[in-house]
Amino acid sequence: MTHPALDWSARSQELAALLARAGLGDRKAFAQFYQRSAAQVFAVLLRIQRERALAEELLQEVYVSVWKAAGSFDAHQSQPMTWLTQIARNKAIDSLRRAQTQPQVVHLQSLGDEGDDDGPSALEQLSDDAAGPAQLLEQASDARQLQHCMQSLSGAQRQSVALAFYDGLSHAEVAEQLHQPLGTVKSWVRRALVSLRSCLERAVQREREGEAAHAQSAGYSRPRAA
Amino acid sequence: MDYAKPERADALAAQYVAGTLRGPARRRFEALLSSHPGLRGAVQRWQDRLLPLAAVLSPVQPPPRVWQAIQRRLWPAPATRPSAWRSLAWWRAATAFSLSAAIGLTFWLSAEGPAQAPVVVVLEATGAGLPDAPTGAQAAAPGRFVASFSADGRALVTRPLLPVTLAPERAFELWAVPPQGAPRSLGLISAQGLTVIKRAQLPQALLQGRTAALAVSVEPPGGSPTGAPTGPVVFAGKLQL
């Protein structure tokens, strides 16, 4: 079943249109843009910045930045959710170095436990139908190419990338989580990213050759994944 | 770090997007983005590759207070009466009170019998009330009002000289502005056609020539609830012969 958030074409076009109007000062359009995207952005923020109050502040920061930069968003270069997600991730990662000293590490082995006395268990903080980064990857069903390429990674590479990406862990934190040397983890992540790139490039090439034989679907064009 | 080598730049872009580039290295990288289009391109390509991963996260509805806070930060609610005052005061300072107008008006008011030359006040757009003003009124240029004292001295008549637009749920209110002190309301006026304000309804200050100008503000239906302008002052004209 396709996750509704992954229906890029229609949703992406709607968001881009709203963003364009917001860039011209249309407050109602911006309000609609917020209504249609904020929940997704909040989810991204909460995975990385697990302090809810801080995550709410970050959400404000994101949309204040979006309003100010809306006029410069180029729909030919990027999709609105991609742009939004990057803004959100940047702010969330920046917020981690200001946060308290304890690293926000998800203990994958102990997801069923009740967690620390210090706060809610990791399970309580995760969204309903996701048990951890590895399972989240499985749910990327509509990002077929990405899913396929992730599957071609080794388990260690895949897990390292998932921890870094979804939970915003640094190399050092991933190393601590997986009980591996720092150099090993860095190497896993680096190789994983290189593999992903070449795998995705091959997939895009195959897709283009396939599409050349058919008419373009109406309206929407995906960004290049060169 | 050698950012010039494409492979190196691409590797850093990948780490930046994946989230593993941290600390001072991350800040240095971000600082370089604005001046390195090649680096920006690499980042864009990695964003397109990796960020779809985030789409599988189940949405989490933020509480309404976040949106309220965003609105307050981006669009602070303006002061109501004070800002209308400020715009009026500024305008008053910028336009001299016309003594001749006072004399003319007195002459008109005291004369009975043969018709006198009607006193016409042209109320030009002040530039306030632009589309993003909180009331939503778009009553600024090119609109123009005219207020004329009828020759028989019985009434003040207003009408738009050029088309004016008024937001729904809003009304125009006419004010008599003295050289100092609070404006006096002359009532609501139509945005489309004539409005006739009978002499008996005009305040003494206007009739005795102690009025520097007439002004129109945008108000809620029924007029200002406070007795002073609460919305933007969108038209104003000083009294003149």
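**Close-up views of a predicted two-chain model**

**Figure 1. In chain A, α2 and α8 (155–167) each supply at least two residues to the lining of the second largest cavity.** This is a predicted model, in which local features need pLDDT of at least 70 and side-chain atom pairs count only at pLDDT 80 or more, while totals for chains, interfaces and linings use all residues. Residues are numbered from 1 along each chain as its sequence is written, chains are lettered from A and ligands numbered from 1 in the order in which they are written, and side-chain values use heavy atoms, leaving out hydrogens and water. Helices (H or I, at least four residues) and strands (E, at least two) are DSSP runs numbered from the N terminus. α2(A) gives the largest share of this lining, three residues. The lining consists of A:Val44, A:Arg47, A:Ile48, A:Arg89, A:Phe165, A:Tyr166, B:Ala54 and B:Leu57. By class, six of the lining residues are nonpolar, none polar and two charged; Ala, Val, Leu, Ile, Met, Phe, Trp, Tyr, Cys and Pro count as nonpolar, Asp, Glu, Lys and Arg as charged, and the others, Gly among them, as polar.

**Figure 2. Two cavities of 30 Å³ or more are found in a search of the whole structure.** A cavity is a set of points, on a 1 Å grid over the protein atoms alone, where a 1.4 Å probe fits but cannot get out, and lining residues have an atom within 4 Å of a point. The volume of the second largest cavity is about 40 Å³, a volume being the space filled by probe spheres set on the points, which are joined across faces, edges and corners.

**Figure 3. Helix α4 (residues 64–74) of chain B has buried residues B:Val66, B:Trp67, B:Ala69, B:Ile70 and B:Leu74.** Seen down the axis of α4(B), these fall within an arc of 160°, so they line one face of the helix; the arc is that of the directions from the helix axis to the C-beta atoms. Buried means under 20% relative accessible area, exposed over 50%, and partly exposed in between (1.4 Å probe, protein chains only). The exposed residues B:Pro64, B:Arg65 and B:Arg72 sit on the face of α4(B) turned away from its buried side. Among the elements covering the buried residues of α4(B) are α2 (27–48) and α3 (52–69) of chain A.

**Figure 4. B:Thr158 lies in strand β3 (residues 155–162) of chain B.** With 1% relative accessibility, B:Thr158 counts as buried. Leaving aside residues up to four places away in sequence, B:Thr158 touches B:Val146, B:Ala147, B:Leu174, B:Ile189, B:Gly193, B:Leu194 and B:Thr195; contact means heavy atoms within 4.5 Å. Strand β6 (residues 195–198) of chain B pairs with β3(B) in the antiparallel sense over four bridges, with B:Thr158 opposite B:Thr195. Two strands pair if DSSP finds at least two bridges between them.

**Figure 5. Strand β2 (residues 144–149) of chain B is joined to β3(B) by six bridges and runs antiparallel to it.** Here B:Arg144 stands opposite B:Leu162. The hairpin of β2(B) and β3(B) has five residues between the strands, and B:Gly153 in the turn has a positive phi of about 75°.

**Figure 6. Strands β4 (residues 171–177) and β5 (residues 184–189) of chain B run antiparallel, joined by five bridges.** Opposite B:Leu174 stands B:Gly187 of β5(B). Six residues lie between the strands of this hairpin, in which B:Gly181 takes a positive phi near 95°.

Technical notes: On a 1 Å grid over the protein atoms alone, a cavity is a set of points where a 1.4 Å probe fits but cannot get out, and a pocket is an open set with protein on both sides within 12 Å along at least five of seven lines; lining residues have an atom within 4 Å of a point.
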